[in-house]
Amino acid sequence: MKWITRIGSIIIALCLFMILLINAIDYSVYYRPNFYKKTFEKYHVTADAKMEMSEILKVSDYLIHYLKDHEESLENFQAVVDGTKRVFYSQREILHMKDVKILFGYGMACRRICIITSILLLFVLLIRKVPFIRTLVRCIVGTFLSLLGILGGFALVVSADFNRAFLTFHRIFFNNDLWLLDPEKDWVIRLLPQGFFMDMAIVILVVFSLSILAVLTACILWLKFSRRHMSDT
């Protein structure tokens, strides 16, 4: 029953693709602190926000910890703005960041589901005692190349009009208008201008592409050397 092996392999390949994508987002958002400082400097955030860089980094660090669920609330967080220490987040910002935190939580849950699904399917393929490694590797290569084509087209559309893509993303993933922040009232929008998100998207794309390239290279090399080994024997 080769179809079981093939379907299982395709599902594993899809799960691996999702795992690598979420890993790229996770790494780019949470584990590159230097990116934040460089981007804040690039977009002259200190002048727009009327804050010292040390205070801006304190705000961003706390927000990252909050999104990672290492902090419970943003309500009482304070920072020095224009020389005065004040509660930093408005009620609207707090509610929106709760939505963002939930969205990140869904992403982490999706990754866990993909990992568990892949492990279970690998176990099923193993206990069938039918050779499946070559089929799995081929499915990974085929699936990744197909999805990369789709992703490449999507990236071109986004790069052509990032503002429209940015708005569309928020309308799809948020069921309210809390993400429409006012720079006069909501300070976080001054720290995170649209250019920040564009640069973040590029970083995620680069990290993800390198991950995909590494997996594809390993798979293609394995197919090449295993085929040579088979011909030698």
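D69 lies in the loop between α4 and β1 (78–81); helices (H or I, at least four residues) and strands (E, at least two) are DSSP runs, numbered from the N terminus. The model is predicted, so local features need pLDDT of at least 70 and side-chain atom pairs count only at pLDDT 80 or more, while totals for chains, interfaces and linings use all residues. Residues are numbered from 1 along each chain as its sequence is written, and side-chain values use heavy atoms, with hydrogens and water left out.

D69 has a phi near 70 degrees, a positive value in a residue other than glycine. With a relative accessible area of 57%, D69 is exposed (buried means under 20% relative accessible area, exposed over 50%, partly exposed in between, with a 1.4 Å probe and protein chains only). D82 is not a glycine, yet has a positive phi of about 55 degrees. At 54% relative accessibility, D82 counts as exposed.

From the loops we turn to helix packing. Helix α2 (residues 33–42) and helix α4 (residues 53–67) pack at an angle of about 130 degrees, with their axes 11 Å apart. Axes here are lines fitted to C-alpha atoms, for helices over the stretch in contact, and angles run from 0 to 180 degrees between N-to-C directions. α2 and α4 are therefore oblique to each other: angles under 35 degrees count as roughly parallel, over 145 as roughly antiparallel, 65 to 115 as roughly perpendicular and the rest as oblique. α2 passes α4 in a right-handed crossing (a crossing is left-handed if the near helix is turned anticlockwise from the far one by less than a right angle, and right-handed if clockwise). On the α2 side, Y36, K37, F40 and E41 meet M53, I56, L57, S60 and I64 of α4. The residues of this contact divide into six nonpolar, one polar and two charged; Ala, Val, Leu, Ile, Met, Phe, Trp, Tyr, Cys and Pro count as nonpolar, Asp, Glu, Lys and Arg as charged, and the others, Gly among them, as polar.

A second pair is formed by helix α1 (residues 2–30) and α5, which pack at an angle of about 150 degrees with their axes 9 Å apart. That makes α1 roughly antiparallel to α5. The contact of α1 with α5 has 18 nonpolar, seven polar and two charged residues. α1 passes α5 in a left-handed crossing.

Two residues of α5 can be followed individually. R111 is in helix α5 and, at 16% relative accessibility, counts as buried. Leaving aside neighbours within four places in sequence, R111 is in contact with I19, I22, N23 and D26, where contact means heavy atoms within 4.5 Å. H96 is also found in helix α5 (residues 91–127) and is buried, at 6% relative accessibility. With neighbours within four places again left out, H96 is in contact with H170, F174, L178 and W179. H96 and D177 are 81 residues apart in sequence and 8.7 Å apart in space, C-alpha to C-alpha.

Beyond its neighbours within four places in sequence, L191 is in contact with F40, V45, A49, M51, I56, V59 and F88.
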